Amino acid sequence: MMKPFNPENFLILIVDDLGRNLQTVGSMLDREGYLTTFALSGPQALARIPMAQPDLILLDLMMPQMDGIQVCQQIKTEPAWREIPIIILSASNDSEQLLQAFKSGAVDYITKPFNSLELLARVKTHLKLKDTRDQLKQALAELEVLATTDVLTGVANRRFLFTWAKQYFAQLDFQVPSLSVLMVDIDHFKDINDTHGHAMGDSTLRLVAQTIKQILRPEDCFGRFGGEEFVAFLPQTTILQAREIAENIRRTVGETALLVTGRAIHLTVSIGVANSQSTELTIEPALKRADDGLRQAKSQGRDRVVVDLAKSGAVKSSLFTCSIESKLNTKFIYFSFKDKSKREQR
């Protein structure tokens, strides 16, 4: 829903080398409720813009040092300023100057002496257009976040994972990918849901997701693949480096437990690790190998990392399995369904 137009939400920069003109226009805008700021020259206006961040500029055409056309052209060269609407004010009716004003990026042109109602009407029109455009951009950005984010856990969703991978491979230009894949699955997740309810299952998903996210690097791509499965893409990471990261994830999750009505529910994960090859142009082969490793980790007893080394060239054996059974230094996350309180003991 679009917000109603309110002059108090907009700052207008008035640029004129004559103080009386600044006062006249400024008073007119102030009475309507607009916020105003001033500049007495082109260079002063250019220095004022990054600090004031105006929503609209009223720019006099004829000024010493820099005229309005030059100032307008300079403003439009800065990406952060290009969307600011500029209205040129001038006592000249010269058609060539009018054409130059529009070519330089001005959105409107008002001749002096101007009618106050006309000026206010044009100011409001261009501010409403800018405001509508800004709100639409924000709405589109929010929709994009919703479309690429898993609502429950707050991490990326399956769609974003594949989009990221597609873009990653598209920019490689046939170079060696050095991209490792982790497929992570929460062990015995169905038992948690069946025994303690879906609310506890949701809490488990959120806890594991945030635990993994904190371990990964900013450049890594991590998201929920589906159900209780998560995927991490690790760029410029060898298979052995990926194994260390996977072990860190497995160990950290294993040191975490959910405490429900005095009973600790220990969490563990199984992880399959694979590395993409230079001959592979998509993520699917590496993802398949990571999934195969995950299934083997499950079949071998869970709470372990299984690494596909057959394609990596690291060693001759096809699989490498790691498992640590220690449950020392457990972190507890406390839940109480009676008072809905939650506390964490580290």
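Contact here means heavy atoms within 4.5 Å. Helices (H or I, at least four residues) and strands (E, at least two) are DSSP runs, numbered from the N terminus, and axes are lines fitted to C-alpha atoms, for helices over the stretch in contact, with angles running from 0 to 180 degrees between N-to-C directions. The model is a predicted one, so local features need pLDDT of at least 70 and side-chain atom pairs count only at pLDDT 80 or more, while totals for chains, interfaces and linings use all residues. Residues are numbered from 1 along each chain as its sequence is written, and side-chain values use heavy atoms, with hydrogens and water left out.

Helix H3 (residues 68-76) lies across strands E3 (56-60) and E4, and runs at about 150° to E3. These strands belong to an open sheet of 5 strands, ordered E2-E1-E3-E4-E5 with parallel pairing (two strands pair if DSSP finds at least two bridges between them). The edges go to E2 (35-39) and E5 (108-111); each has a single partner strand, so one side of each is left without a neighbour in the sheet. From one strand to the next, the twist averages 20°.

Now for the E5 end. Strand E4 (residues 86-90) pairs with E5 in the parallel sense over 4 bridges, and Leu 89 sits opposite Ile 110 in E5. Helix H4 (residues 95-103) packs on the sheet here, touching E4 and E5, with its direction at about 145° to that of E5.

Leu 140 has 57% relative accessibility, so it counts as exposed (over 50%; buried is under 20%, partly exposed in between, with a 1.4 Å probe and protein chains only).
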